[in-house]
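Q: I would like a close look at one residue of this model, followed by a careful account of its surroundings. Please start from the part in question and then widen the view.

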Amino acid sequence: MELNENALLKMYRTMLTIREFEETASTLFANGEIPGFVHLYSGEEAVAVGIISQLEPGDYIASTHRGHGHMISRGGDIKLMFAELFGKKTGYCKGKGGSMHIADVSLGFLGANGIVGAGLPLAAGAAFACKYKKNGGVAVCFFGDGASNRGTLHESLNIASIWKLPAIFVCENNMYGISMNQKNHQNINDIADRASAYGIPGVSVDGNNVMAVFEAGQEAIKRARNGEGPTLIECKTYRYRGHFEGDPTVYRPDEEVQYWKQRDPIEQFKKRLVEMNVLTEEQDQAIRSEVRNLIREGVEFARNSEYPDVSELLTDVYC
Amino acid sequence: MTFSAAINAALKEELMRDENVFIFGEDVGIFGGCFGVTAGLYQEFGPERVIDTPISETAIIGVAVGAAAAGLRPVPEIMFMDFMGVCMDEIFNQATKMRYMFGGKAKIPMTIRTAFGAGFGAAAQHSQSIEAWFTHIPGLKVVMPSTPADAKGLLVSAIRDDNPVLFLEHKGLYAVEGEVPEGSFTIPLGKADIKREGNHVTIVATAMMVHRALQAAEELAAEGIEAEVVDPRTLQPLDKNAILKSVEKTGRLVIVQEAVKFSSFASEVAAIVSEEGFDLLDAPIKRVTAPFVPVPFSPPLEQAYIPSVASIVQAVKELG
C-alpha cells in the first residue's frame with residue numbers, strides 16, 4: 001500500500017475513532033449502560049492501525065480481549081459495535097457476544113476472544129486456508145505480552161513456521177498481563193526474541209509510532225504473501241486504562257502512566273502529519289468533530305435498538 | 001469390510017468429492033495413521049491434502065477451527081482420545097461457541113476423529129472413554145458408531161455437516177468385519193438404530209458395548225427373554241424418541257457403556273427416560289458401566305474393568 005496523503009489522514013482518523021469509541025465506552029460502562037466486561041484499547045491505537053490499514057479484503061484477523069480497535073481498523077460499523085456492547089439485537093453478534101467477542105467473518109474478522117492466546121492457532125488455521133486455496137490472503141493474529149507465555153504461542157508459531165504459512169503474529173506488548181508486569185512474567189526483554197526458536201524473523205518496534213508499526217507490518221505482509229512464511233512483530237506500547245474497566249490499577253505507578261501519556265501515539269502522529277504539511281489544525285478539528293458525531297450516532301443507535309427476543313436464546317447453536 | 005477400511009473409504013470418497021476437505025494429524029500421512037486407518041491416502045492425495053503435523057494437539061484443533069472459519073472442511077485426527085485435554089480450549093471455547101457467540105454468522109465445518117476405549121493393555125492414559133465431557137457442550141455433535149456400515153455412513157455425514165463433529169472410533173472395533181453397502185451413502189446424524197428387536201427389555205448400548213449387548217441378547221433369548229438393542233450412534237444430538245419408543249414397547253431399560261458411571265452418557269439416558277418416560281417403566285433402570293477407577297494395565301484387571309456380556313445378562317435378569 002502506498003502512503004499518500006489520503007491514506008495517512010485515514011489512518012489518523014481511524015486512530016481518533018478508536019480513542020473516541022473507547023473513551024465513550026468507558027463512560028457508558030461507568031454509567032451502567034453496558035453489562036459484562038469491557039477491555040479498552042486507548043493508548044494502543046498505533047498497533048491496530050499500523051497493521052490493519054494495509055490488509056486487503058480476503059485477509060483474516062484474530063483478535064484479543066481488547067478487540068474494539070482491531071475491528072474499527074478493519075472498517076467495523078460503529079453502530080453495530082455499540083449495539084453489541086449494549087447486548088442489543090442489532091449488534092454484530094445479535095447481542096450474543098458482547099464486547100469480548102465482536103466478530104464479522106465476512107470481514108475476515110474471526111472475533112475478539114475471551115481466552116488469552118486462543119487466537120494464535122485460529123490465525124494459523126486461517127493462514128493455512130489462504131495457502132491451501134492459493135488466494136494470496138494472509139492472517140494476522142494480535143495477542144498480548146501475557147498471551148506470549150501460553151502454549152498456543154509455541155505450537156502456533158512452530159506449525160506456521162514449518163508450513164511456511166502466510167501469518168503475521170503481532171504481539172501488543174503493553175507491559176502487563178492483567179496486573180503482572182512483563183519483568184515479572186518472563187525473563188526476556190524483547191518478546192520478538194522468541195522468533196528465533198521457530199526459525200522466523202522477529203522484530204521489536206515502538207508500538208506507539210504508527211509509522212514504525214506500519215513499516216514492520218509491510219515487510220511481514222510482503223514476506224507472507226510471497227510464500228516466505230510468518231513473522232513475529234512485537235510492538236511496545238501501553239494501555240491507558242486498567243486490564244478491564246473497574247480495575248483500580250494499584251499495580252502500576254502514576255509516573256509510568258504519565259511517561260507513556262507523553263508519548264501518546266495519536267499526538268505523535270498528529271505532530272508528524274503537521275510537520276509533513278498533511279494536516280492543519282483546522283483540518284484536525286474538523287476530523288475530530290466528524291469522529292465525535294460518528295460515535296454519538298453509534299451510541300444513539302445502540303440505545304434506541306431493541307434487546308433480542310427471548311426466543312433467540314435457542315437459535316444458532318447448530319447450522 | 002472392516003470398520004477401519006470403512007472409515008478409510010469414507011475419507012477417500014470425501015477427499016475425492018470436495019477439494020475443501022483435507023485430513024491432518026500426527027502420523028496420518030506417510031505412516032498411514034497409528035492404527036492404519038488413513039493408509040494409502042497420502043500416496044493418493046499427496047502431502048497437501050493428507051498432512052502430517054508435529055505433536056501439537058492444541059495447534060491441530062486450533063488450526064482446524066481457523067481453517068473451517070475460513071471456508072475449508074478440515075478432518076483433524078487426535079491419535080488417542082486421552083490427548084484431548086491438550087486441545088480442550090480449542091474445542092469447547094472456540095469451535096463450539098463461535099456460531100452462537102457470533103450471532104449465527106460463522107460456520108465451523110470440522111470433524112475431529114479420535115480413537116478411544118480399553119482392552120489393549122494401554123493403561124490409564126491411552127484407554128479412556130470420555131465421551132461425556134463432549135456431550136455436555138452445546139454446539140458439538142458427538143458420533144460413536146458400532147459397525148463398519150454405520151462408521152462409513154456417519155463419517156460421510158459428519159464431514160458434510162456444517163458444525164463441529166467429534167467422531168469417536170473404538171480401538172477394539174477397527175478389525176471388526178461387517179457388511180457395507182456399495183458406493184457412497186450417508187446415515188443421518190442424530191438417528192438411532194435398532195440393532196436387534198425384542199419385547200422384554202431395551203438395552204441401550206454404544207460402540208463396543210453394542211456387540212456385547214447383542215451377545216447378551218442371544219444368551220437371554222435362549223432363556224426366553226427377548227432384548228431389544230438400541231444403538232444411539234449419535235450421542236449428541238440424541239435420538240431420545242427412539243429410546244422412549246423402545247421402552248414403551250418393553251417396559252424395561254438397561255444402559256451399557258464402557259465409560260465410568262458417574263456423570264456419564266448412561267446417566268443422561270437414564271435421566272431422560274425417568275423424566276419423560278417414567279410411566280413406561282415396569283422396573284427400575286439399570287446402568288452397566290466401568291467402575292469408577294482409571295483404566296488398569298494388567299490384563300485380568302483390565303478385563304474386569306470393561307463391562308462383560310455376563311454383567312449385561314445379569315443386569316437384565318435382576319430386573320425380574
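Does N208(A), judged by its relative accessibility, count as buried or exposed?

A: N208(A) counts as buried, because its relative accessibility is 1%, where buried means under 20% relative accessible area, exposed means over 50%, and partly exposed lies in between (1.4 Å probe, protein chains only). The model is a predicted one, in which local features need pLDDT of at least 70 and side-chain atom pairs count only at pLDDT 80 or more, while totals for chains, interfaces and linings use all residues. Residues are numbered from 1 along each chain as its sequence is written, chains are lettered from A and ligands numbered from 1 in the order in which they are written, and side-chain values use heavy atoms, with hydrogens and water left out.

N208(A) sits in the loop between strand 6 (202–206) and helix 8 (210–225) of chain A; helices (H or I, at least four residues) and strands (E, at least two) are DSSP runs numbered from the N terminus. Leaving aside residues up to four places away in sequence, N208(A) touches G43(A), A46(A), K236(A), T237(A), Y238(A), W260(A), R263(A), P265(A) and Q268(A), a contact being heavy atoms within 4.5 Å. Within helix 8 of chain A one finds Q218(A), which counts as partly exposed because its relative accessibility is 33%. Q218(A) and G50(A) are 168 residues apart in sequence, with their C-alpha atoms 9.0 Å apart in space.

UniProt, in an unreviewed entry, places the feature "domain: Dehydrogenase E1 component" at residues 14–310 of chain A; its positions are given in the numbering used here, feature names are shortened, and annotations may be inferred rather than shown by experiment. In the model, that span is 44% helix and 10% strand, with its end C-alpha atoms 36 Å apart. Elsewhere in chain A, K164(A) has a positive phi of about 50° although it is not a glycine, and lies in the loop between helix 6 and strand 3 (167–173).

Turning to the partner chain, 37 residues of chain A are in contact with 47 residues of chain B. The area buried between chain A and chain B is about 3400 Å², 66% of it from carbon and sulfur atoms, buried area being the accessible area (1.4 Å probe) that two parts lose on being put together, summed over both. Y132(A), Y318(A) and C319(A) supply 22% of the area that chain A buries against chain B, more than any other three residues. One salt bridge is counted between the two chains, and the side chains of K134(A) and E48(B) meet in a salt bridge at 3.8 Å, N to O; the term denotes a side-chain nitrogen of Lys or Arg within 4 Å of a carboxyl oxygen of Asp or Glu. On the side of chain A that touches chain B, helix 5 (119–133) and helix 6 (151–162) each supply at least two residues, and helix 5 gives the most, with nine residues.

Chain B has backbone features of its own: a cis peptide bond, with omega about 0°, joins Q236(B) and P237(B), and P237(B) is found in the loop between strand 10 (234–236) and helix 9 (240–250). R233(B), in the loop between strand 9 (227–231) and strand 10 of chain B, has a positive phi near 65° although it is a residue other than glycine. R233(B) counts as buried, because its relative accessibility is 8%.
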